[in-house]
Amino acid sequence: MGIILKSAAEIEAMKEAGCLSAKALRVAGELCRPGASTWEIDEAVEAVIRDDGGVPAFKGYAGFPASICASVNDEIIHGIPSKDVVLREGDIISIDTGAVVDGWVGDNAWTFPVGEVSEEKRRLLQVGEECLWAGIEGARAGNRMGAIGSAVEHRAREAGCSVVREYVGHGIGRDMHEAPNVPNYGWRHRGVKLAVGMVLAIEPMVNAGSCRTRQMDDGWLVRTEDGRPSVHFEKTVAITEDGPVLLTVEPGRLRPL
């Protein structure tokens with residue numbers, strides 16, 4: 001299926017799912033403390049989404065068993081929450097949350113520190129977030145898709161980090177994953193031409209070391225090949241005549257915390 005452009009009214013409707021997804025992510029972040037299990041965080045997020053009239057977008061999606069993805073330290077994406085995964089001081093954890101409201105999907109992610117973290121992790125958190133904002137700045141009508149990816153990749157490389165290449169952002173709407181793909185690398189003047197009405201999940205995955213990855217045996221979890229930490233930041237963004245508009249945001253907040 002081709003790219004599905006959304007009307008101004010549809011983009012406005014998507015803000016409800018986006019706001020709830022952002023609220024769920026904020027609640028998740030507030031629970032990221034030493035001694036908490038990723039299972040506890042998942043339970044809390046599902047309750048928030050359902051109590052506000054939404055449906056967890058991830059639970060059951062392609063067989064995924066939970067409402068969040070929870071990926072710790074060298075885990076990049078798609079970690080399955082578990083009572084056995086207990087957070088410790090100095091960890092970082094990437095949490096991805098999604099909610100469906102009135103048939104529209106909101107999708108966002110953030111990487112949170114657990115207590116005091118190492119200088120390497122602190123710097124990686126900063127670089128990863130900067131990559132996200134750089135990519136969003138490129139999401140303007142008339143640019144090519146490469147404007148997003150090249151901005152992300154440039155900031156990561158400038159900091160001595162790397163971007164994951166096998167996993168990318170995506171279009172989003174009534175389906176979680178729509179066309180087009182949104183790579184976190186590329187050339188500024190290459191790729192699909194961005195147009196008003198596109199809604200994209202922009203999600204840099206940035207590694208402290210090599211960009212190479214390892215798929216784990218459960219078929220979901222992906223780790224860095226070299227065991228060094230990774231961060232994941234994501235916002236759902238609409239391309240409008242006035243520039244990029246964040247949809248996964250609570251009123252008055254740009255960041256989950």
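Strand β6 and strand β10 (residues 205-207) run antiparallel and are joined by two bridges. The model here is a predicted one. Within this pair, Ser 162 sits opposite Asn 207 of β10. The pair belongs to an open sheet of three strands, ordered β6-β10-β13 with antiparallel pairing. At its edges lie β6 (162-163) and β13 (230-232), each of which pairs on one side only.

Two bridges link β3 to strand β12 (residues 222-224) in the antiparallel sense, with Glu 75 having Arg 223 of β12 as its bridge partner. As for what holds such arrangements together, strands of a sheet pair through backbone hydrogen bonds, either parallel or antiparallel.

Turning to the cysteines, a disulfide is a covalent bond between the sulfur atoms of two cysteines. With sulfurs required to be within 2.5 Å, the count comes to zero disulfides. Cys 19 is in no disulfide because a pair has to be within 2.5 Å, and the nearest cysteine sulfur, that of Cys 32, is 19 Å away. Cys 32 is likewise in no disulfide, the nearest cysteine sulfur being that of Cys 69, 14 Å away.

Terms used: Residues numbered from 1 in each chain as written. Predicted model: local features only at pLDDT ≥ 70, side-chain atom pairs only at ≥ 80, totals over all residues. Heavy atoms only, no water. Pairing = 2+ DSSP bridges. Helix = DSSP H or I, 4+ residues; strand = E, 2+ residues; numbered from the N terminus.
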